[in-house]
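Here is a friendly note to read alongside the model. Keep the structure open while you go through the points.

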Amino acid sequence: MELVSVLIPTYNVEDYIDEAVYSILNQSYKNLEIIIVDDCSTDSTYSKCVTLQKKDARIKVYQNKKN
């Protein structure tokens with residue numbers, strides 16, 4: 001099975017990021033990685049992403065230094 005990479009760019013989406021990530025994780029195809037790149041959100045998007053990363057090793061989180 002090939003590794004599928006899913007890229008999620010984020011900016012101030014704290015209300016939606018959990019649903020977006022879990023919708024990908026709940027797919028039948030399991031050989032995947034989720035790369036989340038936060039563009040300096042001013043809400044708690046980044047911290048929510050880090051929490052998700054701690055729950056599943058397939059999630060990788062990055063944050064831009066400036067928007």
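1. The buried residues of α1 pack against β1 (4-10), β2 (32-38), α2 (45-55) and β3 (59-63). Helices here are DSSP runs of H or I with at least four residues, strands are runs of E with at least two, and both are numbered from the N terminus. A contact means heavy atoms within 4.5 Å.

2. A word on the source. This is a predicted model, in which local features need pLDDT of at least 70 and side-chain atom pairs count only at pLDDT 80 or more, while totals for chains, interfaces and linings use all residues. Residues are numbered from 1 along each chain as its sequence is written, and side-chain values use heavy atoms, with hydrogens and water left out.

3. Which residues of helix α1 are buried? In this helix (residues 17-25), they are I17, V21, I24 and L25. Seen down the axis of α1, these buried residues fall within an arc of 100°, so they line one face of the helix. The arc is that of the directions from the helix axis to the C-beta atoms. Buried means under 20% relative accessible area, exposed means over 50%, and partly exposed lies in between (1.4 Å probe, protein chains only). As a general point, an α-helix has 3.6 residues a turn, so residues three or four places apart point the same way.

4. Now the sheet. It is open and has 3 strands in the order β1-β2-β3, with parallel pairing. β1 and β3 stand at the edges with a single partner strand each, so one side of each is left without a neighbour in the sheet. From one strand to the next, the twist averages 20°. Two strands pair if DSSP finds at least two bridges between them; β1 and β2 have 7, in the parallel sense.

5. Axes are lines fitted to C-alpha atoms, for helices over the stretch in contact, and angles run from 0 to 180 degrees between N-to-C directions.

6. Stepping back, the chain has 2 helices and 3 strands, and from the N terminus on its elements run β-α-β-α-β. Its radius of gyration, taken over C-alpha atoms, is 12 Å, close to the 11 Å that the globule rule gives for 67 residues, so the chain is as compact as a globular protein of that length. That rule is 2.2 Å times the number of residues to the power 0.38. Buried residues make up 28% of the 67 residues.

7. Please also look at T45, which lies in helix α2. With 0% relative accessibility, T45 counts as buried. Leaving aside residues up to four places away in sequence, T45 touches T10, N12, V13, E14 and D38.

8. Finally, two loop residues. N12, in the loop between β1 and α1, has a positive phi of about 55° although it is not a glycine. C40, in the loop between β2 and α2, has a positive phi of about 60° and is not a glycine either. Are they buried or partly exposed? N12 counts as partly exposed at 29% relative accessibility, whereas C40 counts as buried at 18%.
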